[in-house]
Amino acid sequence: MSVKKNYDQWAATYDSNENKTRDLDKLVSQQTLRKYDFNSVLEIGCGTGKNTKWLMTHCSRLLGVDFSKKMLQYAQEKIIDPRVRFMQADISKPWQFTDEKFDLISCNLILEHIQDIHFIFQQAASKLNNNGLFFISEYHPFRQYLGKQARFEIDGATIMIDSHVHHISEFFDAGKENGFELLEIREWFDEIEDNNDKTPRILSLVLKNVK
Ligand SMILES: C[S@@+](CC[C@H](N)C(=O)[O-])C[C@H]1O[C@@H](n2cnc3c(N)ncnc32)[C@H](O)[C@@H]1O
């Protein structure tokens, strides 16, 4: 089944299922982004709006984009605010969904589903203001090396969503080739007390558009 159909299926329980990656990503995003200033935000793969809720309180304009109609429906039900607009679009195709430029592009838990991340970095560079920020918070590739990937339960069955491994060097190369300066790179782990597994869960990067 396609990634899009999988997220349409997952949408109803995405916010309520137990999901350590989703919860840690929320913390990572807030802890990282509160150090920066931005007025306008493009959130790619915004899903049900988990991060939109916090981001919109730190900017005056936010565009959330996702290709899953169902995930977007939940976001639109939760968030009715003049600062926020949502659009349905596939970010693996040229980003013709807007002519605007932004101070921040936020990308959370989506690149795992994208085959060509160089293309995403190229498109992101074209939609950022000078010195704009590209924030990435993704499922850590070290976990993928252990065979883990995005999954959810439905009617007692476990559905594995198609994913691609992107090595840390790939993020670095894609950034360099598209005129980004790396400001931060960080590994994030589960809480120590419920964790015997020392493999990081999330990889985060903050890149600055200096082209
Ligand atoms: C794991 S969810 C993350 C949602 C949200 N960013 C969060 O952190 O909770 C991944 C999201 O990426 C979206 N997605 C995956 N591939 C996409 C694509 N090619 N274009 C647009 N959205 C995509 C899915 O529909 C889903 O909503």
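How many residues surround the ligand, and which are the closest?

Modeller: The model is predicted: local features need pLDDT of at least 70, side-chain atom pairs count only at pLDDT 80 or more, and totals for chains, interfaces and linings use all residues. Residues are numbered from 1 along each chain as its sequence is written, and side-chain values use heavy atoms, with hydrogens and water left out.

The ligand is surrounded by 20 residues, where a residue is near a molecule or strand if one of its heavy atoms lies within 4 Å of it. The closest are Tyr14, Gly45, Lys50, Asp66 and Asp90. From lysine 50, a polar side-chain atom lies 2.7 Å from an oxygen atom of the ligand. Backbone N or O atoms also take part: one of isoleucine 91 lies 3.0 Å from a nitrogen atom of the ligand, and one of asparagine 108 lies 3.0 Å from a nitrogen atom of the ligand. Taken alone, the ligand exposes 590 Å², of which the protein buries 97%. Accessible areas come from the Shrake-Rupley method with a 1.4 Å probe; for residues, only the protein chains shown count as cover.

Tyrosine 14 leads on to two further details. Threonine 48 is placed in the loop between strand E1 (40-44) and helix H3 (52-55). Helices (H or I, at least four residues) and strands (E, at least two) are DSSP runs, numbered from the N terminus. With a relative accessible area of 1%, threonine 48 is buried; buried means under 20% relative accessible area, exposed over 50%, and partly exposed in between (1.4 Å probe, protein chains only). The side chains of threonine 48 and aspartate 15 are joined by a polar contact of 2.7 Å. A polar contact is a pair of N or O atoms within 3.5 Å; within protein, one must be able to donate a hydrogen and the other to accept it, and residues adjacent in sequence count only if both atoms are side-chain atoms.

The second detail concerns aromatic rings. Rings of Phe, Tyr and Trp (its six-membered ring) pair if their centres lie within 6.5 Å; planes under 30 degrees apart count as stacked, over 60 as edge-to-face and the rest as tilted. The structure holds eight aromatic pairs. Tryptophan 10 and tyrosine 14 form an edge-to-face pair because their ring centres are 4.9 Å apart and their planes stand at 70°. Both residues lie in helix H1 (residues 3-14), four residues apart, about one turn of the helix. An α-helix has 3.6 residues a turn, so residues three or four places apart point the same way. Tryptophan 10 and tyrosine 14 are both buried.
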